[in-house]
Amino acid sequence: MSDRRLNRRGMSLRRVTVGVTTMATLGAALGIAAAQSPGAAPAAGPAAAAATDAPAGVPNPQRAWQNWTLNCQGCHRPDGSGSEGTAPRLAGIVSKFLNVPGGRDYLGRVPGVATSPLGNADLAELMNWMFWRFDKEHMPSDYVPFTAEEIGRLRTSPLRLEANQMRVDLLKKADGSTAK
């Protein structure tokens, strides 16, 4: 649905309202995997059914996916593979941070999280969804979901230049602890 409005100069502007269905259609047109969307039709079988279950701390997987699509995937890519030099890879890695001291705090303080325009509750939901979506393999069995309060506290002290080195150090610890 769209309508026309006039701006101050009398020029016609068009406002377009995009719904969830349209977002999925646009994603498909751009080559984004349908499996990325929690609203996508699940494949047959018990494994597929388990993949569509909402993870802990994610009351609305569709909203989390939309927030990812609109705020994160431009840099981290639809599949979480990242963009060399600008946004690190998340796929197969991001949950490793939950397994080392300081890793959880690091994730709440990285620049993209700490400076996100999302509110604390939406950001906590997105973070919880992200672990489930991109790195289930490394999620701790005793995972405690991020809360709005925790995200609010962590993002008050964002990481800046030290974020990259901190990431390297934490991943070394994570890889060392899983190798034992």
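**Reading contacts, burial and ring pairs**

Modeller: Setting aside neighbours within four places in sequence, Ser-95 is in contact with Phe-131, Asp-135, His-138 and Met-139. Here contact means heavy atoms within 4.5 Å. This is a predicted model, in which local features need pLDDT of at least 70 and side-chain atom pairs count only at pLDDT 80 or more, whereas totals for chains, interfaces and linings use all residues. Residues are numbered from 1 along each chain as its sequence is written, and side-chain values use heavy atoms, with hydrogens and water left out.

Biologist: Where is Ser-95 found, and is Ser-95 buried or exposed?

Modeller: Ser-95 belongs to the loop between α4 (73–76) and α5 (103–109). As to burial, under 20% relative accessible area is buried, over 50% exposed, and in between partly exposed, with a 1.4 Å probe and protein chains only. Ser-95 has a relative accessible area of 0%, so Ser-95 is buried. In the chain of 180 residues, 38% are buried.

Biologist: What is the relative accessible area of Asn-99, and which residues does Asn-99 contact beyond its neighbours within four places in sequence?

Modeller: Asn-99 also lies in the loop between α4 and α5. The relative accessible area of Asn-99 is 35%, so Asn-99 is partly exposed. Its contacts, with those neighbours left aside, are His-138 and Pro-140. The C-alpha atoms of Asn-99 and Leu-171 are 9.8 Å apart, although 72 residues separate them along the chain.

Biologist: How many aromatic pairs does the structure hold, and how is a pair described?

Modeller: A pair of aromatic rings is described by the distance of the centres and the angle of the planes. Rings of Phe, Tyr and Trp (its six-membered ring) pair if the centres lie within 6.5 Å; planes under 30 degrees apart are stacked, over 60 edge-to-face, and the rest tilted. The structure holds 6 such pairs. For Trp-68 and Trp-129, the centres are 6.2 Å apart and the planes stand at 50°, so the pair is tilted. Because Trp-68 is in helix α3 (residues 61–71) and Trp-129 in helix α7 (residues 120–134), the pair ties together parts 61 residues apart in sequence. Both Trp-68 and Trp-129 are buried.

Biologist: How does the pair of Phe-131 and Phe-146 compare with the definition?

Modeller: Phe-131 and Phe-146 are stacked, at 5.9 Å centre to centre with 20° between the planes. Phe-131 is in helix α7 and Phe-146 in the loop between α7 and α8 (148–154), 15 residues apart. Phe-131 is buried at 0% relative accessible area, and Phe-146 is buried at 4%.

Biologist: At what angle do the axes of α3 and α7 cross?

Modeller: Axes are lines fitted to C-alpha atoms, for helices over the stretch in contact, and angles run from 0 to 180 degrees between N-to-C directions. The axes of α3 and α7 come within 9 Å and cross at roughly 90°. Angles under 35 degrees count as roughly parallel, over 145 as roughly antiparallel, 65 to 115 as roughly perpendicular and the rest as oblique; α3 and α7 are therefore roughly perpendicular. Residues making the contact include Trp-65 and Trp-68 of α3 and Leu-126 and Trp-129 of α7.

Conventions
Helices (H or I, at least four residues) and strands (E, at least two) are DSSP runs, numbered from the N terminus.
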